[in-house]
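Work through the exercises below with the model open beside you. Try each task before reading its solution.

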Amino acid sequence: MARIVTLHEAVAENVRDGDTVAMEGFTHLIPYAAGHEVIRQGKKDLYLIRMTPDILYDQLIGVGAARGMKFSWGGNPGVGSLHRFRDAVENQWPRPLEIEEHSHAAMANAYEAGAANLPFAVFRGYIGADLAKVNANIRSVTCPFTGEVLAAVPAIRPDVSIIHALRADRKGNVLIEGIIGVQKEAVLAAKRSIVTVEEIVDELVPPSPNSVVLPSWAVTAVAEVPGGAFPSYAQGYYPRSNAFYIAWDEIARDRDSFQAWIAENVMNASPGDFARHARKRAA
């Protein structure tokens, strides 16, 4: 059953050096506060997984926490490149970064396969694509019933998955509404999971038609972190800070300005600082 703990405790107990770590959230509910706690605790040699690595993974890569990354698209949405990601790939700064690129379809199916405890995912995809020429983990299988040749990729089974959600009750059941992404599959595929939430409530109100409820028995740790998705958004709580995504391009472009930002806003900050952003955005 899920334990309700502080974010510091959740990361200290569940994220270990060398782990394969997935932090999911598609535009909505990106777990920034949890990612910052991983940086503060000095976790290292992490193999990162994310369908759409954006600013959060740029930060983790830039501080040297990552040894590699599996992904299906990488960039600052609507702005351009991830400069710390590019620096690691092109110049091995602050350390070399192993990369494995896939399509969105491959990543989504690989998470589903992991959640179902299957060794690999089979799907129609990569037809006419060149990724298989540079990624040995993109292979093919022949359907034993029709003879159709299908794409196959290894299942994604993280050591720990980290997501942000809207609410949890005091038993540790978690509610996600809005754009769902692959949060559910990432949690179910992982050995351990951390869920940060905007608030802990006595009872989850009747959810909307597109909502997901993760039961307490599927989650390892829940931490209440208001504003924990900022600068991404949390439906019904605060909007996306487009201004920050634009500002990040200049902050991350230079190594010194990046390191200064991390020192001020991550290393000398705390999870409680996110609540201030949430109140400001909600207002």
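## Exercise 1: a salt bridge between helices

Asp-87 counts as buried, at 8% relative accessibility; buried means under 20% relative accessible area, exposed over 50%, partly exposed in between (1.4 Å probe, protein chains only). This is a predicted model: local features need pLDDT of at least 70, side-chain atom pairs count only at pLDDT 80 or more, and totals for chains, interfaces and linings use all residues. Residues are numbered from 1 along each chain as its sequence is written, and side-chain values use heavy atoms, with hydrogens and water left out.

Task: find which residue forms a salt bridge with Asp-87.

Solution. Start with the rule: a salt bridge is a side-chain nitrogen of Lys or Arg within 4 Å of a carboxyl oxygen of Asp or Glu. The partner is Arg-255, with the closest N and O atoms 2.7 Å apart. Arg-255 is in helix H8 and Asp-87 in helix H4, 168 residues apart. Helices (H or I, at least four residues) and strands (E, at least two) are DSSP runs, numbered from the N terminus.

## Exercise 2: strand E11

Task: state which parts the salt bridge of Arg-192 and Asp-19 ties together.

Solution. First, the distance: their side chains meet at 2.7 Å, N to O. Second, the places. Arg-192 lies in strand E11 and Asp-19 in the loop between helix H1 (7-14) and strand E2 (20-23), so the pair ties together parts 173 residues apart in sequence. Arg-192 is buried at 13%, and Asp-19 is buried at 8%.

Now take Ser-193, also placed in strand E11 (residues 192-201). Ser-193 is buried, at 1% relative accessibility. Contact means heavy atoms within 4.5 Å. Leaving aside neighbours within four places in sequence, Ser-193 is in contact with residues including Val-160, Val-187 and Thr-220.
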